[in-house]
Amino acid sequence: MDRYNFKIVEDKWQKIWDKNRSYSVKIDKHKKKFYCLEMFPYPSGKIHMGHVRNYTIGDVLARYKTLQNYNVLHPMGWDSFGMPAENAARQNKLDPKTWTEKNISVMKTQLKKLGLSIDWDKEISTCSADYYKHQQEFFLELYDKELVYRKESYVNWDPVDKTVLANEQVIDGKGWRSGAIVERKKLNQWFFKITKFSKELLESLDGLEEWPNKVKVMQKNWIGRSYGCEIKFQIESNKKIDEIKCYTTRPDTLFGMSFLALSVDHPVSKFYENDKEFIKFKKECSKTGTTEESIAAADKLGFKTDLLAINPLDESIKVPVYFANFVLMDYGLGAVFGCPAHDQRDLDFAKKYNLKVTPVVRPDKDKAFLVNDKAYTESGYLFNSKFLDNLKVPDESIDKTISYLEENNIGQKKTNYRLKDWGISRQRYWGCPIPIAYDEKNNPVKIPKEMLPVKLPKIDQLNSTGNPLDEMLEWKNIKIDGKQCTRETDTLDTFVDSSWYFLRFCSPQNENYGFDTDEVKYWMPVDQYIGGVEHAILHLLYSRFFMQALSYKNNKFDIKEPFSGLFTQGMVCHETYKDQNNNWVSPDEIITIQGKKFLKENEEPIKVGASESMSKSKKNTIDPEKIIKDYGADSVRLFILSDSPPEKDVQWSDEGIKSSYKFIQKLWVLNQKFIEEISKNHARNHNSDLEKITNKFIKEITHNIENFSYNKIVANLHEIYSSLNKIILNKIEKEKLIENYKKILIAISPVIPHFSNECMELVNIKEKISWPKVEESFLIEDNIKYIIQFNGKTRKIIETKKNISEDTLIKKIKEDNKLNEFLKNKNIQKKIFIPNKLINIITT
RNA sequence: GCCCUCGUGGUGAAAUUGGUAGACACAAAGGACUUAAAAUCCUUGCCGCUUGCGGAGUGCCAGUUCGAGUCUGGCCGAGGGCACCA
């Protein structure tokens, strides 16, 4: 028998699919559509195992849906703007474009070797002007709808690299690349008004039934809605301040107020901008502003003003006003009233500055209650609160207090969101230029539509620091309507690129606009989106915002949610290895002798560490290209799906991939047995279990694909192999054998497409294939396995005819030598009889 | 601190509505074939007594039930998210 030569077979089928453009699709209104999308890759150089897993999961689904006669859109593109290209360009002294394009071509070849059913005619790349031209139009569209604005805001500034850093690029207060201490710098930045849609983005999460709950919860928390109240405080002062407004979720604790705290950036701070002590205090506050943990752990600091705030519920109570380091300007109103008894931060602050602690909520109505070191935040009843006394906290107390405040024009009910507007300016070269210029008075001017795209100027070599666009005077200076202007040199955050690419895939060549309305109407929304959970908030929230923004004031576009189904896959992990000096060692440098691992070089023993997600720094990566070369794409696909459910992490192992490879070889042997068997001319049997086995398999595999239980599909493959292998030489009727074998080959084709296509060709399946239907009639069992329990313990499983009566079953039990023993000298107290399943006999 | 998820053999995991716990694999051990090795095939979760059978068993402790991996409450542990959000 021949061995299965995956090299020849896989290459052959990939060429056929390419040549026939087998996966190119067009709108077909007679067919149901299915849009299957995996998060597109950043072209960093080579594909990694994470990509392999992501795209295999998507490909199984796309192939399955195609076999179910859906019109399947399964495209691929490149998220090709971004920092790694700039960094690589700086290091290697070349143009980011050259580097990016080279990577794309390498990775495209690699992806093709995985045998993915991708419509390559729809390939897009976000760094191409054909793509970002439309993004610039969208920017201007949102600008016209007042969903884009410019304001001064603080950024993380790396003074050495002269660039803005994202929060996650600041490690312990230092730039990740330069190591310089990051400064807080105020810059003019462009923002998308994502907060305008806070309510919609939050509330429509409930309609996303095919999203993982985890992701919805994360987005909910991120948007962070709270219900509360704005309260006006009259101020006693010699300055021109008459009132300060605070936001609170606990207006019912107002009688417990003992101070008012303001953010150092609060408008009132302008009265203190010449106060030396205040300037010193403000500086002190900004020092503790780097990592989030340090903020949380930081001491409460305050600066006492000469102002007094009047309690609006009792004008005789006057409390001091402080600036405090724990009050944030960009949440609520940048001012809070302090109620130490019922808020831990306020209590810490009050202790430090010797302020009054007046409890106003107590757990029991009539018992005395004191607060010592721990603020009381539980439910209870109001006291020390005059006319509010005895209200139930929080059920009555909050609403009643708000009503009172509203009636007396002191406060107003208010819903607040934690979500902040999306800052989209990046002081970077390799990104989409913002289509704006500034006139002589520095007012922003839109670049007219006919002057789009604003192309990124070519660059031979990036300097080591800063944004080269700043220095390109020829490019920067531009005349708009005869007026001399200067271009915006910031580029857009690359998350903007990925916020609408799924629309572009519907009509990637459309020139007039980012997408063709008919195409988008047909294909959108994405039925199944698949990617890593690390994008749970940013990318997925931004994309949802983009749909809100496009449909806002636009009657031609009404897609509010881009992804109706979402699946977040786990990571690919591998054991980690260290040598005797605790240096990371890569799996290729190791040999295994009798289950123990040694360094190839000098046979020094290796310390085996925990399995962790593959990363270059831990040297535990496995190169998919090499694995495909050694074992073939089908083996890799099979292994990456086996063992762990796709939403969990999977352990890569050498043994595992080898066993997948062997399994495909076994299937090949089986295929040869089949060919030989049908060529024989011997007498054949009428009866066989083949239909039962096949239909059970089809039923299970269908159920498992529908539920993303891909690890179970692999188990199904092993099971069908084993059952088929047992009966294939049983002289089954030829037609029956062929028909069932064909169904099996089709059902395994989404997972191992090259192999099954080759087999189908060899066994002469030529007609158009589609997903086999389960014929339930074959699954009806005549015999039933009865579980026989005594006192809840299973003692035996006996096979009987279907639908026998309880009495008949009892009779059978009494006839059974073993079971009879359990009835000897016992009284039957009770019987639980579940027809065709189980009997539980309770004896005493 | 708050929120979410998860605890099943040596390992990754199955168990669709509460009804045979450990499917399917990996590893290890033993066996078969072989002059030998590789490859292949078979057996093996634990504790007891020779096949067979019995007992315990799904992080821990209770509860509901004829019956709990699955449902309820409490505790312990791991992972993830948010974090001075008023």
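**Salt bridges in a predicted model**

Arg-684 and Glu-677 are joined by a salt bridge, in which the closest N and O atoms are 3.3 Å apart. Within this pair, Glu-677 counts as buried, because its relative accessibility is 2% and buried means under 20%. The structure is a predicted model, and the count of salt bridges in it comes to 44. Side chains of opposite charge can pair when their charged atoms come close, and the points below describe some further examples.

**A network with shared partners**
- Lys-12, Glu-758 and Glu-761 are brought together into one network by salt bridges that share partners.

**A pair within a helix**
- The side chain of Asp-630 meets that of Lys-626 in a salt bridge, with a distance of 3.1 Å from N to O.
- Both residues belong to helix α17, which covers residues 624–631, and because Asp-630 and Lys-626 are four residues apart there, about one helical turn separates them.

**A pair with an exposed lysine**
- Another salt bridge links the side chains of Lys-367 and Asp-364, with a distance of 3.9 Å from N to O, and this pair counts as a salt bridge because the nitrogen has to lie within 4 Å of the carboxyl oxygen.
- Lys-367 counts as exposed, because its relative accessibility is 54% and exposed means over 50%.

How values were computed
Residues numbered from 1 in each chain as written. Chains lettered and ligands numbered in written order. Predicted model: local features only at pLDDT ≥ 70, side-chain atom pairs only at ≥ 80, totals over all residues. Heavy atoms only, no water. Buried < 20%, exposed > 50% of the residue type's maximum accessible area, 1.4 Å probe, protein only. Helix = DSSP H or I, 4+ residues; strand = E, 2+ residues; numbered from the N terminus.
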